[in-house]
Amino acid sequence: MKDRIIVCSCQRHELLKLGTKVTLKKVDNEYDNEAVMISVDNAGDTVYISNSVNTRVVGANSAGYLAAMMELSGVKQVKGTVILVDKGYAIIEIITGGELK
């Protein structure tokens, strides 16, 4: 099964259109030690992944899951593609070359 993460209720979710290529990066954040930033490729804009069990959609994971997988694997960033957009959220499928364990 492929890793999927959800972006919910973010102020800039309009940047995440179906098929958009993104880079997901673990970042230092004094308020959230599991913060993962999404950079929209070729746009220079960023949003953050939601990190609440109350905002998860069945079949998708939160920022905490992705942050833990990245830390365990020793990677700082991964690529992804927006595969679903709905009212208030988007789901991104992680594209890996096996770097996440």
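Modeller: Before we turn to single residues, a residue is called buried under 20% relative accessible area, exposed over 50%, and partly exposed in between, with a 1.4 Å probe and protein chains only. This is a predicted model, in which local features need pLDDT of at least 70 and side-chain atom pairs count only at pLDDT 80 or more, while totals for chains, interfaces and linings use all residues. Residues are numbered from 1 along each chain as its sequence is written, and side-chain values use heavy atoms, with hydrogens and water left out.

Biologist: Why is Glu71 called exposed?

Modeller: Glu71 has a relative accessible area of 64%, and exposed means over 50%, so Glu71 is exposed. This residue is found in helix H1, where helices (H or I, at least four residues) and strands (E, at least two) are DSSP runs, numbered from the N terminus.

Biologist: Which residues of H1 are buried?

Modeller: The buried residues of H1 are Ala63, Gly64, Leu66, Ala67, Met69, Met70 and Ser73. Just after H1, Gly74 takes a positive phi of about 75 degrees.

Biologist: What makes a set of residues a nonpolar core, and which residues touch the most other members of the largest one?

Modeller: A nonpolar core is a set of buried Ala, Val, Leu, Ile, Met, Phe, Trp, Tyr and Cys residues joined through side-chain atoms within 4.5 Å. The largest one here has 19 residues, of which Leu16, Leu24, Val36, Ile38, Ile49 and Leu66 touch the most other members. Two or more residues of this core are given by each of S2, strand S3 (36–40), helix H1 (63–73), S5 and S6, and the largest share, 4 residues, comes from H1.

Biologist: How do you know that S2 and S5 pair?

Modeller: Two strands pair if DSSP finds at least two bridges between them; strand S2 (residues 21–26) and strand S5 (residues 77–86) have 5 bridges in the antiparallel sense, so they meet the definition. Within this pairing, Lys21 stands opposite Thr81 in S5.
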